[in-house]
Amino acid sequence: MENNAFNEDIEDLYQNAPFGYLTIRQNGRIVNVNTTLLNFLGYGRAEFVNHKSFQDLLQIGGKIYFETHMIPLLQMQGEFSEINLELQSKTGAGLPVLVNGKSVVSKSNSQPIYRFSILDISQRKLYEKELLIARKNADEKTQKLRQINEELEQFASIASHDLQAPLNTVIGLMSLLKRDYIPQGSDEELYFSLIQSNIERMKLMIKDLLSHSRIDHETIEMKSVSLNEVCQMAIELLQEPIKANQVVFEITKLPTVIGSKIRLVRLFENLFSNAIKYRSSENPAIQVTFTETIDSTTVSIKDNGMGFEAIHAKSIFKFMKRLHGHDQIPGTGIGLASCKKIVEFHKGEIWAKSEPGKGSSFHFSLPKLIDTSESGI
């Protein structure tokens with residue numbers, strides 16, 4: 001009794017397995033099949049076993065593949081695995097399947113027979129199709145966003161440049177009016193000062209917008225760059241505010257990195273300018289140091305300025321994010337956003353640490369890249 005029950009369990013497992021089983025002779029004639037595969041294909045057992053060949057389930061391309069690839073593999077290697085095919089059901093509908101095959105010797109006549117396990121992968125194919133469609137849509141949206149972003153950056157660059165000339169003209173005319181027609185100490189002089197202040201604010205905004213938009217449009221030349229040379233170039237660009245504020249620099253001997261020289265100069269210029277702008281009552285003192293690991297160089301720029309609350313350490317790098325009103329400290333909130341963009345272009349990270357009244361330190365990492373400018377790569 002126990003043996004019969006065990007055989008029944010084996011038979012049930014064979015017939016109702018979650019994938020199809022099929023046994024064929026060397027000529028492809030089907031001699032056994034489980035119920036699962038019959039259900040997959042919509043056939044009854046009587047019309048299928050000994051009446052159909054495996055080739056009958058295939059279209060022309062599948063028949064050729066079966067004869068030229070699958071049968072030779074079974075004959076030479078005795079097995080094959082995970083071959084994608086499409087079987088034709090009784091209704092003619094295609095069923096994508098994954099087939100594993102093995103050659104065994106029949107106990108009845110000592111002739112080779114082939115046993116196939118057949119997995120229905122129609123859901124997988126549907127998922128792959130949906131995934132391809134989703135990827136295509138995502139690529140199209142990414143391309144569209146890239147195009148829109150490029151157009152916006154180009155517009156910002158053109159608009160900023162074209163607005164410079166009329167603003168300079170307005171500033172010049174305002175100066176003439178104030179000198180020749182506005183009495184000193186009058187209400188009109190106060191109004192003119194407010195107008196001039198707002199025009200200068202707009203001019204600064206345009207300058208920073210133009211600088212920010214150029215980051216993605218200027219010629220990119222990645223090569224070995226001395227950070228000490230970059231620091232010196234940034235200092236030369238800031239000679240006027242450095243002299244006016246009696247800034248003292250302490251710059252250690254910095255390493256050479258691989259990067260865009262023009263962008264790294266702008267990075268240091270913005271960070272030095274930021275340290276000067278947010279000075280304390282003491283003369284600004286700026287210290288530049290670095291640390292190295294196997295993978296990256298981290299540069300630190302520390303000042304003795306007014307500092308800020310630690311809660312703002314991330315938000316200050318957002319575009320046009322400012323912690324002070326323009327009437328307190330002039331600025332646009334674009335400089336640090338440009339710094340973040342430049343560092344990310346170099347595949348690095350930038351962050352800040354500070355306490356009110358104790359100065360600030362800005363840190364950015366630059367990965368150690370391979371210089372390909374002289375190798376022809």
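**Aromatic pairs and a mixed sheet**

In this predicted model, Phe249 counts as partly exposed, with a relative accessibility of 22%. Phe272, by contrast, has a relative accessibility of 0% and is buried, because the cut-off for a buried residue is under 20%.

The aromatic residues are considered next. The count of aromatic pairs comes to 10. Among them is the pair of Phe19 and Tyr21, which is edge-to-face, with 5.3 Å from centre to centre and 70 degrees between the planes. Phe19 is partly exposed at 29% relative accessibility, and Tyr21 is likewise partly exposed, at 28%. Phe249 and Phe272 also form an edge-to-face pair, in which the ring centres are 5.0 Å apart and the planes stand at 65 degrees. Since Phe249 belongs to strand β7 and Phe272 to helix α9, this pair ties together parts that are 23 residues apart in sequence. One aromatic cluster is formed by Phe54, Phe66, Phe80 and Phe116. A ring also takes part in a contact of another kind, in that the charged end of Arg263 sits over the ring of Phe345, at 4.0 Å from its centre.

Strand β7, which carries Phe249, is part of an open sheet of 5 strands, whose order is β7-β9-β10-β12-β11 and whose pairing is mixed. The edge strands of this sheet are β7, covering residues 248–251, and β11, covering residues 350–354, each of which pairs on one side only. From one strand to the next, the twist averages 15 degrees. Within the sheet, strand β9 (residues 285–292) and strand β10 (residues 296–303) run antiparallel and are joined by 7 bridges; for Gln287, the bridge partner in β10 is Lys302.

Helix α9, which spans residues 261–277, lies across β7, β9, β10 and β12, and its direction is at about 170 degrees to that of β12 (360–367). The pair of Phe249 in strand β7 and Phe272 in helix α9 thus links this helix to one of the strands that the helix lies across.

Elsewhere in the chain, Gln75 lies in helix α4, which comprises residues 60–76. Gln75 is exposed, because its relative accessible area of 55% is above the cut-off of 50% for exposed residues. The C-alpha atom of Gln75 is separated by 9.2 Å from that of Pro112, although these two residues are 37 residues apart along the chain.

Conventions
Residues numbered from 1 in each chain as written. Predicted model: local features only at pLDDT ≥ 70, side-chain atom pairs only at ≥ 80, totals over all residues. Heavy atoms only, no water. Pairing = 2+ DSSP bridges. Helix = DSSP H or I, 4+ residues; strand = E, 2+ residues; numbered from the N terminus. Axes fitted to C-alpha atoms, helices over the stretch in contact; angles between N-to-C directions. Contact = heavy atoms within 4.5 Å. Buried < 20%, exposed > 50% of the residue type's maximum accessible area, 1.4 Å probe, protein only. Phe/Tyr/Trp six-rings, centres within 6.5 Å; stacked < 30°, edge-to-face > 60°. Lys NZ or Arg CZ within 6 Å of the ring centre and 35° of its normal.
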